[in-house]
Amino acid sequence: MDTVTQALLGGAVGYMVAGKKSPRKAVLWGAAIAVLPDLDIFIPHETDLASMTLHRSWSHSWFVQTAVAPLLAIILHRFDRTFSFFNWFLLTWLALITHSGLDALTVYGTQLFWPLMPSPVSGGSVFIIDPTYSIPLLIGFLAVLIAPDKIISTKLMRYTFAFSCVYLTWGLLSQQWVEHQAESTFAEQGIEIDHMQVSATAFNTLLWRVIAVNDEHYFEGFHSVFEGRQPIIFKAYDRGAELIDKVEHYPAYKRINWFTNGLFKLELQGDHIVASDLRMGMEPSYFFRFNIAEKGQQQYIPSIPNRFATSNHRKEGVHWVWQRIWNPAVEFNPQLN
């Protein structure tokens, strides 16, 4: 999730570990340690595809974080004896691994098990920015900073942290319910799929987006929790399967196929073959599109996999999401806006 939310979660974790000893110091150190994994965004990479797929890799690995936590704890305990070494270790370790765990619940993709290389964990049960999750944590965080010794601050921090955990559980359960609805719809329509992703739409866990692929097509549908057991209406789109043979041996293709766990499409844009990550965005606007090949004299040849310019319909998309939560008949058609 966003770095501010990660800091708030780290502060809450720090408080739960060491808040009785020094509440303000516990939340501040928890927040500071929790943002460390996101510093990988400052590492330069040669291509845009590398920047995307190497973010949330080694710095978000539970293996790396577990190895680094005792080293950080030794350093922190040497300079600050407020907390015992064990408390420093527990605070550091939990602040780091909960950061990665929360990221793994979003759709982007987090390499929890680096240097092992399964496809990144792409949960999708919470959006990368969700005020319903973040604002309660902010309330508890500020209460402890402003009045660390007040009973009301203790209660606010504990209750808001508990609420945040319940909210994540709600997201997971809702996601599983929608996934079951999607599987039932595909089965009833006789559609075979290879991969499917159910993910929360922008800023909420009430409306869910379902994206699924097979060899020839990808399918997109939306389902609100208020629609009950109504079948999900899917729209089918050409996935560009005829282009796969032209690029399947190229590193950029292999990389995006691995990173998205197969949830991508290929399309021709002039003389270029462009790969789009279907998990982020919605038809026809996707956040991550990469130029992976270009037309040569006799065949398509690899190109530098940088971002391919695309229309931005974020404002219209967010407005549509809010309408779609309550009204299944509303259509998203940015060309008309």
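Select L268 and I273 to begin: L268 stands opposite I273, a residue of strand β6. The model is a predicted one, in which local features need pLDDT of at least 70 and side-chain atom pairs count only at pLDDT 80 or more, while totals for chains, interfaces and linings use all residues. Residues are numbered from 1 along each chain as its sequence is written, and side-chain values use heavy atoms, with hydrogens and water left out.

**First stop: the hairpin**

Next, select residues 264-269, strand β5, together with β6; the two run antiparallel and are joined by six bridges. Strands here (E, at least two residues) and helices (H or I, at least four residues) are DSSP runs, numbered from the N terminus. Two strands are taken as paired if DSSP finds at least two bridges between them. Two residues separate the strands of this hairpin, and G270 takes a positive phi near 65°.

**Second stop: strand β6**

Now select residues 272-277. Strand β6 is largely enclosed by the rest of the structure, because five of its six residues are buried. Buried denotes under 20% relative accessible area, exposed over 50%, and partly exposed in between, with a 1.4 Å probe and protein chains only.

Display the four strands together: they form an open sheet in the order β5-β6-β9-β10, with antiparallel pairing. Its edge strands are β5 and β10 (300-302), each of which pairs on one side only. Neighbouring strands of the sheet are turned by 35° against each other on average, direction ignored. For such angles, axes are lines fitted to C-alpha atoms, for helices over the stretch in contact, and angles run from 0 to 180 degrees between N-to-C directions. Three bridges join the antiparallel strands β9 and β10; select K295 to find Y300 of β10 opposite.

Select residues 251-260. This helix, α9, lies across β5, β6 and β9 and runs at about 145° to β5.

**Last stop: T185**

Finally, select T185, in helix α7 (residues 151-189). Is this residue buried or exposed? T185 counts as buried, at 3% relative accessibility. Leaving aside residues up to four places away in sequence, T185 touches P231, I232 and F234, where contact means heavy atoms within 4.5 Å. The T185 side chain reaches the backbone nitrogen of I232 at 3.2 Å.

Definitions and conventions: A polar contact is a pair of N or O atoms within 3.5 Å; within protein, one must be able to donate a hydrogen and the other to accept it, and residues adjacent in sequence count only if both atoms are side-chain atoms.
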